Amino acid sequence: MPILGPNQYGKAENRVVKITRNGATHHIRDLNVSVSLSGDMDEVHHRGSNAHVLPTDTTKNTVYAFAKEYGVESPEQFGIHLARHFVTSQEPIHRARVRVEEYAWERIEHAGQGAHSFVRKGQETRLAQVTYDGSSWEVVSGLKDLTVLNSTDSEFRGFVRDEYTTLPEAHDRVLATDVSARWRFNWTGDERQTPAWDASYAQVKDHLLRAFAETYSRSLQQTLYAMGTRIIDHRDEIDEVRFSLPNKHHFLVDLEPFGMENDTPDGAVYFAADRPYGLIEATVLRDGCEAKIPADLTNL
């Protein structure tokens, strides 16, 4: 007889824009919130009984109501409020997972106004996932689509060659990637002080960027490890960092048919290839800690 395996349900991608008014000065938090609940749900699957089912529409309404009641101090704290509510208020719910994307805005400053005008930032999307089972917490933060590029101080040579290898060695190349990263906090419950989520995010991003800029790269793997190492070394609240880094290849354009030399001391012209691309992924851990972030970040 078939047996019901792991299951969950909820409301995905609730778009929430919270405007906080401080007199004439306004503040904006722009979120995409997905809630997933699991627990005692055998009867709804086996017999269609909804006695233990909190409607997903109610889940949606809760997200908006909590944005008003609690505000949005940070994606992580907002997720904590929601996860705690669903597990503690509904007996059949044993575990709640809340995923939050945040889209950043910056203020437009101009003469006489600017306190309520914003332009959407074109950089990364901030991420947070909060999981609560009634006794323990797991908070994983991160970012995606942070595009970075070094125009020099990168090489790729000394690699394995076989009968199918055509790639020439590169002694000076463009290194570019779209950073997708997740980091797991060692905060696991209310008995400990919660991290300063916004400050932590800003510092992690700063360390990540500094490591990318300051590392002479002999491979994207080396750069990845330098980024993760710097975060672990400087942020005590974080035990694990996982990266997924596509190698955004830049190839020198052949200008010889036009009688032109391309790669010269005053610069060069490159073709930015979008695919196929190398994909470099790895986890960097604090010594003695266990890897818990999934290898596949697609749905995290």
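Let's start with Trp 183 and Tyr 201, which are both buried; buried here means under 20% relative accessible area, exposed is over 50%, and partly exposed is in between, using a 1.4 Å probe and protein chains only. Before I go on, this is a predicted model, where local features need pLDDT of at least 70, side-chain atom pairs count only at pLDDT 80 or more, and totals for chains, interfaces and linings use all residues. Residues are numbered from 1 along each chain as its sequence is written, and side-chain values use heavy atoms, with hydrogens and water left out.

Back to Tyr 201: Arg 126 lies over its face, 4.5 Å from the ring centre. For that call, NZ of Lys or CZ of Arg has to be within 6 Å of the ring centre and within 35 degrees of the ring normal. Lys 248 does this too, with its charged end over the ring of Tyr 277, 5.5 Å from the centre.

Now, how many aromatic pairs does the structure hold? There are 7. Rings of Phe, Tyr and Trp (its six-membered ring) pair if their centres lie within 6.5 Å; planes under 30 degrees apart are stacked, over 60 edge-to-face, and the rest tilted. One of the pairs is Trp 137 with Trp 187, tilted, at 5.7 Å centre to centre and 40 degrees between the planes. Trp 137 is buried, at 5% relative accessible area, and Trp 187 is buried as well, at 2%.

Last one: Trp 137 and Trp 187 also belong to one aromatic cluster with Tyr 132, Phe 185 and Trp 197.
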